Amino acid sequence: MSKHIIEDAKRCIQCKNPLCEKGCPAATPIREAIRLFLDNRLAEAGKLLFENNPLSLICGHICPQENQCEGHCVMGKNGSPVFISAIEQYISDFYLNVYEPKKMLKNKKRQNVAIIGSGPAGLTIAFLLLKKGYGVTIFEGKELTGGILRYGIPEFRLPKRVVDRIVDVLVKTGVKIRPNTTIGANLTVDDLFRDGFEAVFMGTGVWRPQKLNIKGESLGHVHFAIEYLKNPAVYNLGERVIVIGAGNTAMDVTRSALRHGSRDVTIFCNLDESGITASEHELKYAKIDGARVEFCKTAVEITDEGVNFADSKITADKDGRKVAKPIKGTEKLYPADSVIIAVSQGPQSVIVSSTKGIDVKQNGLVAVDESGRSTRQGVFAGGDVVTGAKTVVEAIVASRKVAEAIDEYLTSQIG
Ligand SMILES: Cc1cc2nc3c(=O)[nH]c(=O)nc-3n(C[C@H](O)[C@H](O)[C@H](O)COP(=O)(O)OP(=O)(O)OC[C@H]3O[C@@H](n4cnc5c(N)ncnc54)[C@H](O)[C@@H]3O)c2cc1C
Ligand code: SF4
């Protein structure tokens, strides 16, 4: 692999105005990292990437580079772009091997911050606040740290040991982690303030599966994607699986099912091809792995035998978005041993329903200003719980901004 990466890095023409960096939401210093890499200064390249984004290794694995750095690389105009993701992976992987994290001692003048949720948003802000001298504790509802990185994205796309390495560095840097602690269930945000945390960051993501609201959703062979992906190994889906939904999560479910023994997996999309919200790349992989796709089919009922789909009539809603309605009389049973519903997720309400003063929008997402301040003083939020389901790099970028706002707020508190 390294042989190809070197050859590929040599294709970088070191643009004066690197479009690859403009295409990266985290403004990764790609050109300079490639220059250092080719100059045999790998640790320096790694440091540059890590300081810009402590989750650089993760981004090298799973960012949608085709729309970002690689999609913008000038070399892609008349051929293939520089394979930036593989170069970033190589550099960041090496760097984490040689990097010796130093415990960041809490500055006595700095306050304690509670971070709820250990996904990309929580991990990033923890790194940034530790660096500024704050005491940082992460509260995580699940057993292990990482959010969707650990409990959503399948092992074949992001090995869990990659997440472990980032968490290990964070722990050595001085963060305290309380696993199995859902804030709002027992301990509340008010308890955190009572116990001396002076700012709270909500990076709690979107973990409530969207329902189809049709008959049969509670049957024993029906599962929600976000729950299945937590640990596909514990499910026995059988041979024939129907996946309802056509986003990236549906592709991850499909590809996981095909790797866990199911032989006949079909993705059902209620719209035409324009209804595929998964990236082209993910859809292609799902097909290569063996999935079939059916378009313009709306699920009307799930039974023990499978799913009744009707042909879709496609119209537009008031905002001009395509919507599908079932055409009466066209229902047909598609047999399945298991059905997985993958039609998006929304935020849970466990924190906002147990805490006064944190306003949410109509869709339940936390209402914040442009810096991530919620309507309750001292409570900030970022990542998917604010934007809805987005990407890892967007959560990272949001956390950078919110870290500055928390620092400004806490500095103003000590006068
Ligand atoms: C299946 C799937 C595949 C994806 N693939 C990609 C991809 O390839 N590339 C990409 O860029 N993006 C991908 N995404 C999107 C990306 O993972 C998210 O945008 C990102 O993880 C959001 O980060 P976050 O920190 O806001 O939330 P999350 O990663 O969701 O983390 C939130 C954390 O908060 C915890 N939590 C929630 N409530 C509480 C509470 N009350 N108390 C304590 N802890 C709590 C949760 O357990 C979780 O650990 C994917 C998403 C899914 C679902
Ligand atoms: S746009 Fe492509 S060629 Fe130009 S600096 Fe970036 S990686 Fe190198």
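Which helices each supply at least two residues of the shell around ligand 1? Here are my notes on this one, and a reminder that we are looking at a predicted model.

1. Ligand 1 and its helices. The answer to the opening question is α8 (120-131), α13 (248-259), α15 (384-387) and α16 (392-413). The shell around this ligand holds 42 residues, and the closest are G117, G119, G147, G205 and G383. If you sort that shell by class, you get 20 nonpolar, 17 polar and five charged residues.

2. Ligand 2. Here 14 residues surround the ligand, with C12, C15, P18, C20 and C73 the closest. Two elements give two or more residues to this shell, namely α2 (19-22) and α3 (30-38).

3. Overall build. Along the principal axes, the C-alpha atoms of the protein fill a box of roughly 70 × 55 × 40 Å. The radius of gyration is 23 Å, which agrees with the value near 22 Å that a compact globule of 415 residues would have. In secondary structure terms, the protein has 16 helices and 16 strands. Buried residues account for 45% of the 415. Take the contacts between residues at least 6 apart in sequence, and 70% of them join residues at least 24 apart.

4. Domains. The protein splits into domain 1 (2-98), domain 2 (112-207 + 347-413) and domain 3 (209-345). Note that domain 2 is written as two stretches, 112-207 and 347-413. Taken over C-alpha atoms, the centres of domain 1 and domain 2 are 27 Å apart. Their contact takes 13 residues from domain 1 and 18 residues from domain 2. On the domain 1 side, helix α5 (residues 56-62) gives the largest share, five residues. That side of domain 1 has eleven nonpolar and two polar residues, with no charged ones.

5. Helix α3. Which residues of α3 are buried? I30, A33, I34, L36 and F37 are. Looking down the helix axis, these buried residues fall within an arc of 165°, so they line one face of α3.

6. As background, most residues other than glycine have a negative phi. N40 sits in the loop between α3 and α4 (42-52). Is N40 buried or exposed? It counts as exposed, because N40 has 8 C-beta neighbours inside 10 Å, and the cut-off for exposed is 12 or fewer.

7. S344, another positive phi. S344 is also a residue other than glycine, with a positive phi near 90°. You will find S344 in the loop between β14 (338-341) and β15 (345-346). With 18 C-beta neighbours inside 10 Å, S344 counts as partly exposed.

8. V200. This residue is found in strand β4 (residues 197-202). V200 counts as buried because it has 25 C-beta neighbours inside 10 Å, where 20 or more is the cut-off. Setting aside neighbours within four places in sequence, V200 is in contact with A114, I116, V189, L192, G378 and V379. One pair to click on is V200 and I115: they are 85 residues apart in sequence, yet 5.8 Å apart in space, C-alpha to C-alpha.

9. K297. Where is K297 placed? It lies in strand β10 (residues 297-303). K297 is buried, with 24 other C-beta atoms within 10 Å. Its contacts, leaving aside neighbours within four places in sequence, are F268, N270, F309, D311 and S312. For a sense of scale, K297 and F94 are 203 residues apart along the chain, and 47 Å separate their C-alpha atoms.

Methods:
Residues numbered from 1 in each chain as written. Chains lettered and ligands numbered in written order. Predicted model: local features only at pLDDT ≥ 70, side-chain atom pairs only at ≥ 80, totals over all residues. Near = placed C-beta within 6 Å. Helix = DSSP H or I, 4+ residues; strand = E, 2+ residues; numbered from the N terminus. Nonpolar A, V, L, I, M, F, W, Y, C, P; charged D, E, K, R; others polar. Domains from an automatic or database assignment. Contact = placed C-beta atoms within 7 Å. Arc of directions from axis to C-beta. Rg over C-alpha atoms; globule rule 2.2 N^0.38 Å.
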